[in-house]
Amino acid sequence: MLKCKEIVEQTGEYVDSEMVWQQRLAFRLHILMCGRCRGFVDNFKTMLVILHQSRNTELSPELIARLDRQVSKELQLAGKNADSR
Amino acid sequence: MDSLNNDADLLQALLRGDDSAYRRAVRQFSGGMLATARVLVDASTAEDVVQETWVAVVDVIGQFEQRCALQTWLNTITANRAKSRLRRSWREVNLDGLEIESGFAQRFDGAGSWKQPPVAWNSVSPDMVLQGEELRQCLSIHVASLPENLRTVLLMRDLLQLESGQICNILDISASNFRVLLHRARQRIYLMMENFEETGEC
């Protein structure tokens with residue numbers, strides 16, 4: 001039987017599905033029976049959702065315009081190359 | 001009807017070299033690509049890397065095998081390009097294994113059972129992050145203050161959701177080293193969030 005401290009050590013591998021089945025089984029058995037560790041794992045999962053949400057993916061209009069220009073230019077070049085083949 | 005309403009339609013249009021599809025893809029995916037590049041290089045270099053990546057994508061889009069989402073594929077190419085701009089190399093950190101952070105260690109008794117168990121989070125929730133600035137700000141301060149190697153791994157895995165194997169390739173670190181770095185970074189962020197839950201303060 002795993003100790004609670006080991007659950008804290010292994011939660012990352014558990015949520016990332018990087019455990020062999022024996023390990024996973026032992027982990028699940030523990031959290032099934034231990035409300036405290038189940039609470040920890042729930043909080044941990046909440047943390048991961050929050051981290052993913054907090055990524056900053058804002059783009060400046062200037063960058064978008066620059067990317068549009070470069071991509072159009074490249075598409076024209078690629079088109080010409082394809083035509084000349 | 002919008003014919004580009006999902007990744008599959010968009011991909012077909014990109015493969016045809018449709019200019020308007022690229023304009024749409026630039027808007028949809030560049031944010032994630034920029035965030036990926038910024039993990040590794042400064043802000044201005046990151047913009048250059050995203051531009052370079054799009055130019056390259058026009059030529060290599062046919063190689064996308066759809067084994068992952070288009071965003072993930074684009075983020076991976078971006079990360080590899082950003083890495084080539086990175087002068088400093090990554091060193092393997094000293095491995096102490098997946099031991100727990102001191103903030104956690106004191107919460108267990110000698111037998112490894114909880115002495116001070118976790119409480120369920122109420123105020124720390126995804127909704128709270130969307131509604132309020134405080135938790136988001138606190139999180140960004142704590143992420144920024146992580147040692148560089150912990151921060152990079154955490155950003156790549158948990159914010160950008162790159163695959164572990166890809167991160168190891170990009171950073172040239174072993175799988176075990178990756179796990180230790182990620183483990184430490186996550187524990188520190190967990191303790192920060194727990195403190196926020198208990199005190200309402202950063």
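Trainee: How many other C-beta atoms does Q71(B) have within 10 Å, and what does that make it?
Mentor: Q71(B) has 19 other C-beta atoms within 10 Å and is therefore partly exposed, a class lying between buried (20 or more such atoms within 10 Å) and exposed (12 or fewer), with C-beta atoms placed from the backbone. Keep in mind that this is a predicted model, in which local features need pLDDT of at least 70 and side-chain atom pairs count only at pLDDT 80 or more, while totals for chains, interfaces and linings use all residues. Residues are numbered from 1 along each chain as its sequence is written, and chains are lettered from A and ligands numbered from 1 in the order in which they are written.

Trainee: Where does Q71(B) sit, and which residues is it in contact with beyond its sequence neighbours?
Mentor: Q71(B) belongs to helix α4 of chain B, helices being DSSP runs of H or I of at least four residues and strands runs of E of at least two, numbered from the N terminus. Setting aside neighbours within four places in sequence, Q71(B) is in contact with F29(B) and G32(B), where contact requires C-beta atoms, placed from the backbone, within 7 Å.

Trainee: And how far is Q71(B) from D158(B)?
Mentor: Their C-alpha atoms are separated by 15 Å, although the two residues are 87 apart along the chain.

Trainee: OK, what is the geometry of α2(B) against α4(B)?
Mentor: The axes of α2(B), residues 19-40, and α4(B), residues 70-84, come within 8 Å and cross at roughly 30°; such axes are lines fitted to C-alpha atoms over the stretch in contact, with angles from 0 to 180 degrees between N-to-C directions. The two helices are therefore roughly parallel, given that angles under 35 degrees count as roughly parallel, over 145 as roughly antiparallel, 65 to 115 as roughly perpendicular and the rest as oblique. The crossing is right-handed, that is, with the near helix turned clockwise from the far one by less than a right angle.

Trainee: What residues make up that contact, by class?
Mentor: It has eight nonpolar, five polar and one charged residues, with Ala, Val, Leu, Ile, Met, Phe, Trp, Tyr, Cys and Pro taken as nonpolar, Asp, Glu, Lys and Arg as charged, and the others, Gly among them, as polar. Among them are M33(B) and L40(B) of α2(B), and L74(B) and K83(B) of α4(B).

Trainee: How does α2(B) cross α3(B)?
Mentor: The axes of α2(B) and α3(B), residues 43-60, come within 9 Å and cross at roughly 135°, which makes α2(B) oblique to α3(B). This crossing is also right-handed, and its contact residues include M33(B) and A37(B) in α2(B) and V50(B) and W54(B) in α3(B). The contact divides into nine nonpolar, two polar and two charged residues.

Trainee: Switching topic, how many helices and strands does chain B have?
Mentor: Chain B has ten helices and zero strands. Of its 202 residues, 35% are buried, and among contacts with a separation of 6 or more, 66% link residues 24 or more positions apart.

Trainee: What does the contact between the chains involve?
Mentor: It takes 40 residues from chain A and 48 from chain B. On the chain A side, α1 (4-15), α3 (35-53) and α4 (61-84) each supply at least two residues, and the largest share, 14 residues, comes from α3(A).

Trainee: Where in chain A is confidence lowest?
Mentor: It is lowest in α4(A), at a mean of 85, and highest in α2(A), residues 21-33, at 97. These values are pLDDT, the predictor's confidence in each residue from 0 to 100, and for chain A the mean is 90, with 93% of residues reaching 70 or more.

Notes
Contact = placed C-beta atoms within 7 Å.
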